[in-house]
Amino acid sequence: MDVRLGTAIPAPVTPFSIRPTAKVKKLRYFFETALVAFAAWLLPRLPRWFIMALARGVGRIAYLADSRGRRTARQNLRAAFRGTLSHADVRRITIGSYQNFARTFLDLFWAQALTQENWQKHVSIRMDDPEAETKARETGAVWVTPHFGNFEFVSLIWGFRKVPFTVVAQDFKNPELTLIFKRLREHSGHTVISQESAMLKLMKALKRQGHAGLLTDLNIKPGRAATVIECFGMKTCVPTLHVELARRLGLSIITGVCQPASDGTYQVQIFEAIRPQPDDDTQALTQRVWDHFEKAIRAYPEGWLWMYKHWRYLPGTERDPAYPDYANRYEPFRKLVEGEGK
């Protein structure tokens, strides 16, 4: 036996040593798939009032169970509103945020009951610039929204309105779940693609006068596809994919939000259509898009995903009390902030 100094000898790998893990994983995937498939069958058959009550209940349970998420939401709200919210306000908004997310998730399943004939009963649409959609139908466009209200529902509605999106979605580790959620999101005519080579796939779709649906409020690492914006008075790093696609292909960026109403319906508002020019500044355009969303979130804070870490990086070298406690110093972000300021 060759035993080298400082080298640990691994245990021998046999079928008996790997089967338990594989079996447990396979069993877990089986029950996950069965549960989600059952939900996909059951929820569209339930009355609307029941879905609303279920969302409120599930959201409240998630609020009570998720101590880490509650802590993140509390820090986010106090930082974003500069300590002007009372403890009761923070609690109310946080519970509402959990309930909104639960409603969004459940409605993705329930929306399979929507058809070309009945979808208009559940949503009202207001457009600040009606001509923008007319032009977008002719040329294609990049449609964007944040994790606010019901971003899944508004996507499905636009499919019923004969504006099919190409949507990027993250794959689950369980491939069967990926297939189920792909089917749910494609219910009204969309095409869901994986993150692999997403930009190339989106460009191909848009060049065919297609449409892309994107969420733009993710906090990502600094890089070529990111920029710094002011978000509730704090700097954060967000993707610029929507701006780059529109600018390269000469298309409009159409911004909008989908706000839930207490009666189970939704109110969609479409803001301005931004048509980037080749020499427009990426950071300025990204900020312009976000400003619409921040205004909507301030008016209805319960609609945003406050449990998410929106401000992961500090812009300087010192701890800034204006930022949430989870924010950390990160040299690439500091350099990006300095670069954007030049």
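A: A crossing is left-handed if the near helix is turned anticlockwise from the far one by less than a right angle, and right-handed if clockwise. Helices (H or I, at least four residues) and strands (E, at least two) are DSSP runs numbered from the N terminus. In this predicted model, α3 and α4 form a right-handed crossing.

Q: At what angle do the axes of helix α3 and helix α4 cross?

A: Axes are lines fitted to C-alpha atoms, for helices over the stretch in contact, with angles from 0 to 180 degrees between N-to-C directions. Angles under 35 degrees count as roughly parallel, over 145 as roughly antiparallel, 65 to 115 as roughly perpendicular and the rest as oblique. The axes of α3 (residues 67–80) and α4 (residues 87–110) come within 10 Å and cross at roughly 125°, which means that α3 is oblique to α4. Contact (heavy atoms within 4.5 Å) involves residues including R70 and L77 of α3 and V90 and Y98 of α4.

Q: Which strands pair with β3?

A: Two strands pair if DSSP finds at least two bridges between them. Strand β3 (residues 165–168) pairs in the parallel sense over three bridges with β5 (residues 211–215), where H211 is the bridge partner of F165. β3 also pairs with β4 (residues 191–193), in the parallel sense over three bridges; there V192 is the bridge partner of V167.

Q: Where does pLDDT stay under 50?

A: pLDDT is the predictor's confidence in each residue, from 0 to 100. Its mean over the protein chain is 91, and 94% of residues reach 70 or more. Over residues 1–18, pLDDT stays under 50. Where pLDDT is low, predicted coordinates should not be read in detail.

Key:
Residues are numbered from 1 along each chain as its sequence is written. This is a predicted model: local features need pLDDT of at least 70, side-chain atom pairs count only at pLDDT 80 or more; totals for chains, interfaces and linings use all residues. Side-chain values use heavy atoms; hydrogens and water are left out.
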